[in-house]
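Trainee: I'd like a close look at one part of this model. Pick a single element, and follow it through its neighbours and the loop behind it.

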Amino acid sequence: MSMARRAETKRRAKPAQVFKLKEGTPDIESIDWKLFDERLPSDTSKTSKLRRAEIFVGFDPNGNGFLSLAEIEKGLMGHFHYGVDVKRVVAKSVQRAHKAAKAAAPDQKAATLGKASLADDFVEKREFRIFIEFLRYDLQILMYFLKADTSDDLRVSLEEFKAAMPFLTKETNLPEPKDLEAAYREMDADGGGMVLYDEFADYMMKYKVANPSAKLQQVHQSSTPSKPKGKAITARKPKSNTRNSHGKNVSASRNNHRTLTKASASSGRRSPASKRSSEGSKISEVVAAKLTQMEEKLMKHFDSQIGVLMVRIADLEKKLSASN
């Protein structure tokens, strides 16, 4: 065979696959990490920096310097030569990496003006390395999740968690909890009774499984909305009915005096307009936090239903192949 023909054959050969699917399931069986690092380097060397710049340009078809989630998903499919089947499995990790990378280098203009700008919704070139590093880390956690999810429904039950604990403590640096059920309840952040991937991954990040860098922990914390803290409920003390020699209620008189004193002291400090503005700001924060919680619950519900649907599709494909 001539050298030209060999070169043509090599060019037409199917490239090596980074992601290997498990036969008959929608799960990934293994990831070739060496090949992953070669094709998508996250180290800080000059060669890798130039390589990332080329990849970023390839992912950015309109050349505006910003990568949306859709552009990154499409770019990864072409870069790693995988199809929709792999895309479905790694989608959550890609979304989490995109979300975290956006918090890696907040837009300077937005920081100055005190409001969000267009750049805060996309991954910029300076944030691309963090995106890759976070994606690589999250894919490692995804592999642990898929091994724990023996029912292939993209959820981990308490029984699956207990069964996976020997593997997790052996293969990772996760300390074995004394109370597995308490650990599972801690992982199940929304109390739904089943652990979804976001909850699993957040738990692993919290306990630094797979040794995430300090930068990854920082951007993860920045991209995760904090839960509003409720006010502590304390028992009220019973009112005293102590009366003085004139028959008046002493406690009531003291309370009235305190109320008048507080009112007179505060009257010169804040105007009604500023008080209303402050109250309106607090209400807006509470409403925003509630909306964020509702959005997260809806996304987890949709992810769960999509996982169930994927399992059913896989079962139908098995039956169709068996009948043929």
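Mentor: Start with the buried residues of helix 10: Tyr-197, Asp-198, Glu-199, Phe-200, Ala-201, Tyr-203, Met-204 and Met-205. That is eight of its 10 residues, so helix 10 is mostly covered. Buried means under 20% relative accessible area, exposed means over 50%, and partly exposed lies in between, with a 1.4 Å probe and protein chains only. Helices here are DSSP runs of H or I with at least four residues, strands are runs of E with at least two, and both are numbered from the N terminus.

A word on the source. This is a predicted model, in which local features need pLDDT of at least 70 and side-chain atom pairs count only at pLDDT 80 or more, while totals for chains, interfaces and linings use all residues. Residues are numbered from 1 along each chain as its sequence is written, and side-chain values use heavy atoms, without hydrogens or water.

What covers helix 10? Take helix 7 to begin with. The two axes are 10 Å apart and pack at an angle of about 110 degrees. Axes are lines fitted to C-alpha atoms, for helices over the stretch in contact, and angles run from 0 to 180 degrees between N-to-C directions. Helix 7 is therefore roughly perpendicular to helix 10. By definition, under 35 degrees is roughly parallel, over 145 roughly antiparallel, 65 to 115 roughly perpendicular, and the rest oblique. The crossing of helix 7 and helix 10 is right-handed.

Helix 7 brings Phe-134, Tyr-137, Asp-138, Ile-141, Leu-142, Tyr-144 and Phe-145 to the contact. Helix 10 answers with Tyr-197, Phe-200, Ala-201, Met-204 and Met-205. Contact means heavy atoms within 4.5 Å. By class, these residues are 11 nonpolar, no polar and one charged. Ala, Val, Leu, Ile, Met, Phe, Trp, Tyr, Cys and Pro count as nonpolar, Asp, Glu, Lys and Arg as charged, and the others, Gly among them, as polar. The spacing has a simple background. An α-helix has 3.6 residues a turn, so residues three or four places apart point the same way.

Now helix 5, residues 84-102. Its axis and that of helix 10 (residues 197-206) come within 11 Å and cross at roughly 55 degrees. So helix 5 is oblique to helix 10. Helix 5, too, passes helix 10 in a right-handed crossing. Lys-92, Ser-93 and Arg-96 of helix 5 meet Tyr-197, Asp-198, Ala-201 and Asp-202 of helix 10. This contact divides into two nonpolar, one polar and four charged residues. Tyr-197 and Ala-201 take part here, and Tyr-197 and Ala-201 also belong to the contact with helix 7.

Just after the helix, Lys-208 takes a positive phi of about 55 degrees. Most residues other than glycine have a negative phi. Ala-210 also has a positive phi, near 70 degrees. Ala-210 is found in the loop between helix 10 and helix 11 (214-223). At 22% relative accessibility, Ala-210 counts as partly exposed.

Val-209 lies in that loop between helix 10 and helix 11. Is Val-209 buried or exposed? Val-209 is buried, because its relative accessible area is 0%. Which residues does Val-209 touch? Leaving aside residues up to four places away in sequence, they are Tyr-137, Ile-141, Tyr-144, Thr-172, Asn-173, Leu-174 and Met-204. Val-209 is 40 residues from Thr-169 in sequence, yet their C-alpha atoms are 9.7 Å apart.

One more stop, beyond helix 5. Ala-103 lies in the loop between helix 5 and helix 6 (108-113). Ala-103 and Ser-223 are 120 residues apart in sequence and 5.9 Å apart, C-alpha to C-alpha.

Finally, the wider setting. The protein chain has 13 helices and four strands. Buried residues make up 34% of its 324 residues. Of its contacts with a separation of 6 or more, 59% join residues 24 or more positions apart.

Technical notes. Left-handed = near helix turned anticlockwise from the far one by under 90°.
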